[in-house]
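Here's a quick tour for anyone meeting this protein for the first time. Have a look at the picture, then read on.

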Amino acid sequence: MIDLTTIPADRPVLIFGPTASGKSALALQIAQDQGGVIVNADALQVFDGWRVLTARPSTADVALVTHALYGHVPFDAPYSVGHWLRDVTPFIQSGARPIIVGGTGLNFMALTQGLADIPATPDDLRACANDLTLDILLAALDADTLGRIDTNNRARVQRAWEVQETTGRSIALWQDNTPPPLLPLEDTTALALSPDPDWLNARIARRFGLMLQSGALDEARAMEPGWSPDHASSKAIGAAELIAHIRGEMTLEDASEYAIIASRQYAKRQRTWLRSKMQEWRYISLPAPK
């Protein structure tokens with residue numbers, strides 16, 4: 001995939017890429033060859049419960065090198081970028097070389113560009129926001145904020161609205177007063193996996209089949225009694241579909257098809273993020289040219 005001799009062994013490594021592109025395998029390869037602690041930067045792999053469905057590293061891989069921030073958050077707990085940044089801080093400051101890997105672009109942005117310490121949204125205000133339409137939320141935001149967020153992304157728009165209502169300041173103003181980054185990009189080796197879409201789509205389909213063979217249905221049965229679509233962990237791709245299958249609301253064939261489609265759509269969004277937000281990263285084309 002990559003010539004490891006081109007990666008300085010004394011610098012932190014960041015690895016971003018779309019789902020199923022081979023990020024974890026590359027992190028393991030670097031850690032085994034050069035040393036380091038693999039630290040999770042994926043927003044869903046932090047939760048316990050959905051180990052198979054979120055493609056957390058296997059028990060065998062974890063036994064080979066030290067892995068951190070995987071499955072350490074209860075499945076029904078809230079968890080934000082701010083939580084992750086606080087959790088990752090000790091691994092940046094420990095002196096051991098971190099190899100930070102994941103597909104959540106916001107985590108890498110917070111790590112390398114800084115994160116504003118915005119107060120939490122009260123539960124009653126969030127409940128109110130949940131009931132508002134996207135158009136109503138957008139109408140309340142200032143032009144500066146609208147120019148910085150994906151206005152088609154409900155979660156991003158609602159977050160901006162909640163910040164404005166909670167603090168009386170726009171999220172754009174909070175961002176403009178962001179503290180220095182924990183780990184500036186120039187102090188790292190930042191690798192962005194850039195896969196061919198057709199190649200990646202085929203891998204996504206194969207991987208979901210392997211997930212089913214590896215116990216994803218048993219995992220869903222174990223999670224079903226405590227299932228709630230409101231849990232942050234429930235955003236794991238395929239979770240809602242497998243729960244629907246377990247409850248007799250969907251065939252396994254349909255659940256698999258919808259999960260694969262959702263995963264491909266998510267990968268497309270990640271590729272868009274990569275092109276728009278990570279232009280200074282070192283791109284690794286996949287599959288590797290022959």
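What covers the buried residues of H11? The cover includes three other helices: H10 (197-213), H12 (239-246) and H13 (252-277). Keep in mind that this is a predicted model.

Let's step back to the whole chain. The protein chain is built from 13 helices and six strands. Its radius of gyration comes out at 19 Å, close to the 19 Å that the globule rule gives for 290 residues, so the chain is as compact as a globular protein of that length. Here are some overall values.

| Property of the protein chain | Value |
|---|---|
| Span of the C-alpha trace along the principal axes | about 50 × 50 × 35 Å |
| Buried share of the 290 residues | 45% |

Now back to H11, which runs over residues 216-223. Its buried residues are Ala 216, Leu 217, Glu 219, Ala 220 and Met 223. They cover an arc of only 155 degrees around the axis, which puts them on the same side of H11. An α-helix has 3.6 residues a turn, so residues three or four places apart point the same way. On the face of H11 turned away from that buried side, you'll find the exposed residues Asp 218 and Ala 222.

Conventions:
Residues are numbered from 1 along each chain as its sequence is written. This is a predicted model: local features need pLDDT of at least 70, side-chain atom pairs count only at pLDDT 80 or more; totals for chains, interfaces and linings use all residues. Side-chain values use heavy atoms; hydrogens and water are left out. Helices (H or I, at least four residues) and strands (E, at least two) are DSSP runs, numbered from the N terminus. The radius of gyration is taken over C-alpha atoms; the globule rule is 2.2 Å times the number of residues to the power 0.38. Buried means under 20% relative accessible area, exposed over 50%, partly exposed in between (1.4 Å probe, protein chains only). The arc is that of the directions from the helix axis to the C-beta atoms. Contact means heavy atoms within 4.5 Å.
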